[in-house]
Amino acid sequence: VFWFTSAVILLSSFTMHTALQSARKDSIRNIRLFLSVTLGLGTIFLAGQYYSWIQLVDQDIYFVGNPSGSFLYVLTGLHAVHLVSGVVFLSVVLIGSLKYKIHSRNLVPIEMCATYWHFLGGLWIYLFVFLNLYQ
């Protein structure tokens, strides 16, 4: 599941970048489309993280009892909390685009959102590599 969610977060970073590029070109329809796709991919990522926790429980890996398991839950849980805030931020920017507030003369909201989203994606890839190398 972590491999799948890693691919999803990488794809969402691409769609977020495309939304930002669309805003620079005043392509309102594409801004909305790619923000919506990014929002959907973020939601899929969160669902995948939840499903991975279910798999961990099925493998008798719990939050308490095993320090390695606790570490995994804490890292993925904190990342999920930050991703929830990213999904909320994306929703606010998407609503702004629906009200024609995101365009080439007002890029600050979408640029901030893109920076945060790319940070979350990069952080997840770092965590994923770190956890795979030190299992």
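This is a predicted model: local features need pLDDT of at least 70, side-chain atom pairs count only at pLDDT 80 or more; totals for chains, interfaces and linings use all residues.
**Entry 1**

As general background, nonpolar side chains in soluble globular proteins tend to be buried together.

**Entry 2: the chain as a whole**

I next recorded the overall arrangement. The chain has four helices and zero strands, and its pattern along the sequence reads α-α-α-α. The C-alpha trace spans about 55 × 25 × 20 Å along its principal axes. Of the 135 residues in the chain, 41% are buried. I also looked up the sequence range of the contacts: among those between residues at least 6 apart in sequence, 76% join residues at least 24 apart.

**Entry 3: helix H4**

H4 has 26 residues and reaches 37 Å from its first C-alpha to its last, which is close to the 38 Å expected at 1.5 Å a residue. Which residues of H4 are buried? I listed Ile-110, Cys-113, Ala-114, Trp-117, Leu-120, Gly-121, Trp-124, Leu-127 and Phe-128. The cover over these buried residues of H4 includes H1, H2 and H3. For the spacing in such a list I kept one general point in mind: an α-helix has 3.6 residues a turn, so residues three or four places apart point the same way.

**Entry 4: the salt bridge**

I searched the whole structure for salt bridges and found one. The side chains of Glu-111 and Arg-24 meet in it, at 3.5 Å from N to O. This pair links distant parts of the chain, with Glu-111 in helix H4 and Arg-24 in helix H1, 87 residues apart. Are the two partners buried or partly exposed? Glu-111 counts as partly exposed because its relative accessibility is 30%. Arg-24 also counts as partly exposed, at 41% relative accessibility.

**Entry 5: helix H3 and its ends**

H3 has 32 residues and reaches 46 Å from its first C-alpha to its last, close to the 46 Å expected at 1.5 Å a residue. At the start of H3, a side-chain oxygen of Asn-66 comes to within 2.9 Å of the backbone nitrogen of Ser-68. After H3 comes Tyr-100, whose phi is positive, near 60°. I then looked at Ser-70, which is found in helix H3. Ser-70 counts as buried because its relative accessibility is 18%, and the cut-off is under 20%. Apart from its neighbours within four places in sequence, Ser-70 is in contact with Tyr-62, Phe-63 and Val-64.

**Entry 6: Ser-22 and Asn-30**

I looked up Ser-22, which is found in helix H1. Ser-22 is buried, with a relative accessible area of 7%. Not counting residues up to four places away in sequence, Ser-22 touches Ser-27, Asn-30, Ile-31 and Phe-34. Asn-30 is found in helix H2 and is partly exposed, with a relative accessible area of 28%. I also took the separation of Asn-30 from Thr-18: the two are 12 residues apart in sequence and 8.2 Å apart in space, C-alpha to C-alpha.

**Entry 7: Trp-53**

My last item was Trp-53, whose place is in helix H2. Trp-53 counts as partly exposed, at 29% relative accessibility. With residues up to four places away in sequence left out, Trp-53 touches Tyr-73, Thr-76 and Gly-77. How far apart are the C-alpha atoms of Trp-53 and Phe-63? I found a separation of 9.8 Å between these atoms, for residues 10 places apart along the chain.

Conventions. Residues are numbered from 1 along each chain as its sequence is written. Side-chain values use heavy atoms; hydrogens and water are left out. Helices (H or I, at least four residues) and strands (E, at least two) are DSSP runs, numbered from the N terminus. Buried means under 20% relative accessible area, exposed over 50%, partly exposed in between (1.4 Å probe, protein chains only). Contact means heavy atoms within 4.5 Å. The expected span of a helix is 1.5 Å times one less than its number of residues. A polar contact is a pair of N or O atoms within 3.5 Å; within protein, one must be able to donate a hydrogen and the other to accept it, and residues adjacent in sequence count only if both atoms are side-chain atoms. A salt bridge is a side-chain nitrogen of Lys or Arg within 4 Å of a carboxyl oxygen of Asp or Glu.
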